[in-house]
Amino acid sequence: MKVVEEPNTFGLNNPFLAQTNRLQPRREPSPASGPVHLFRLSGKCFSLVESTYKYEFCPFHNVTQHEQTFRWNAYSGILGIWHEWEIVNNTFTGMWMRDGDSCHSRSRQSKVELTCGTSNQLAHVSEPSTCIYSLTFETPLVCHPHSLLVYPALPEALQQRWDQVEQDLADELITPQGYEKSLRVIFEDAGYLKTPGDTEPTQQEGHPKGVGFETLESCRKAHKELSQEIKKLRSLLTQHGIPYTKPTAGPPAQLQGDPGLPAKVL
């Protein structure tokens, strides 16, 4: 008798099924941006096998993970879709891949660090915190000391805006905080960073909640919380002897000063 071991063909996540049947991205990747010489990596994918997992990084597209096993429910999923750059000290320091598969009520996301190497290869993958992955990608395209500077990658019009911001800072027309804010706007206009309204809809750990409501239940919950807050504020006004009147459609009434706490009767 001849014994033949045949791969299991059950389960949606089976590693022997076509990837197009297993991976369903939430959205399309952001447009390619950043240093033009890195665009040649677009359309290519680089893999690394660690333990029983195969990781695949496709620059300006996504990061995926495939469990190398014969289990019927072997995991294959998306660890992040190309979203934006991380910029520190006016230098591109990493590529953020967000909106990956769901993981503990939020989305998986990955940060890819680009380092100098003799060839294009995915060198290391780790998970420093739950559902957040760290990848190291080596490439000779970033070996030049100026290869990841932001200013040379900008269009001429945005370079001129940056020059003006630098002059305004030198002339003390803006504060250092205003300088950083102005640069962020330039990076957003260039497509390197996403504006706050373009961030992923899924709640991310450590980030404040948005003002949108995905369900009627969440809207009702928010309304209840606001109603309780208004009730507390009314009680506080009454305690301090400040009259409360509902706003009207006419011009705003003149604000009155706080009369303070009423004097105690001795």
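**Disulfides and a helix pair in a predicted model**

A disulfide, counted here as a pair of cysteine sulfur atoms within 2.5 Å, joins C103 to C131 with an S to S distance of 1.9 Å. The torsion about the S-S bond of C103 and C131 is about -60 degrees, so this disulfide is left-handed. The pair links distant parts of the chain, with C103 in strand β6 (residues 102–103) and C131 in the loop between β9 (121–129) and β10 (132–139), 28 residues apart; strands are DSSP runs of E of at least two residues, helices are runs of H or I of at least four, and both are numbered from the N terminus. Both C103 and C131 are buried, where buried means under 20% relative accessible area, exposed means over 50%, and partly exposed lies in between, with a 1.4 Å probe and protein chains only.

The model is predicted, so local features need pLDDT of at least 70 and side-chain atom pairs count only at pLDDT 80 or more, whereas totals for chains, interfaces and linings use all residues. Residues are numbered from 1 along each chain as its sequence is written, and side-chain values use heavy atoms, with hydrogens and water left out.

Another of them joins C45 to C58, with S to S at 2.0 Å, and its torsion of about 105 degrees about the S-S bond makes the disulfide right-handed. Here C45 sits in the loop between α1 (19–22) and β1 (46–50), while C58 belongs to strand β2 (residues 53–58), 13 residues apart. C45 counts as partly exposed at 41% relative accessibility, whereas C58, at 6%, counts as buried.

A further disulfide joins C116 to C143 (S to S 1.9 Å), and with 90 degrees about the S-S bond this link is right-handed. Because C116 lies in strand β8 (residues 109–116) and C143 in the loop between β10 and α2, the pair ties together parts that are 27 residues apart in sequence. C116 is partly exposed at 49% relative accessibility, and C143 is partly exposed at 36%.

Turning to the helices, the axes of α2 (residues 156–170) and α3 (residues 176–190) come within 10 Å and cross at roughly 180 degrees, the axes being lines fitted to C-alpha atoms over the stretch in contact, with angles from 0 to 180 degrees between N-to-C directions. That makes α2 roughly antiparallel to α3, a term for angles over 145 degrees.

Terms used
Angles under 35 degrees count as roughly parallel, over 145 as roughly antiparallel, 65 to 115 as roughly perpendicular and the rest as oblique.
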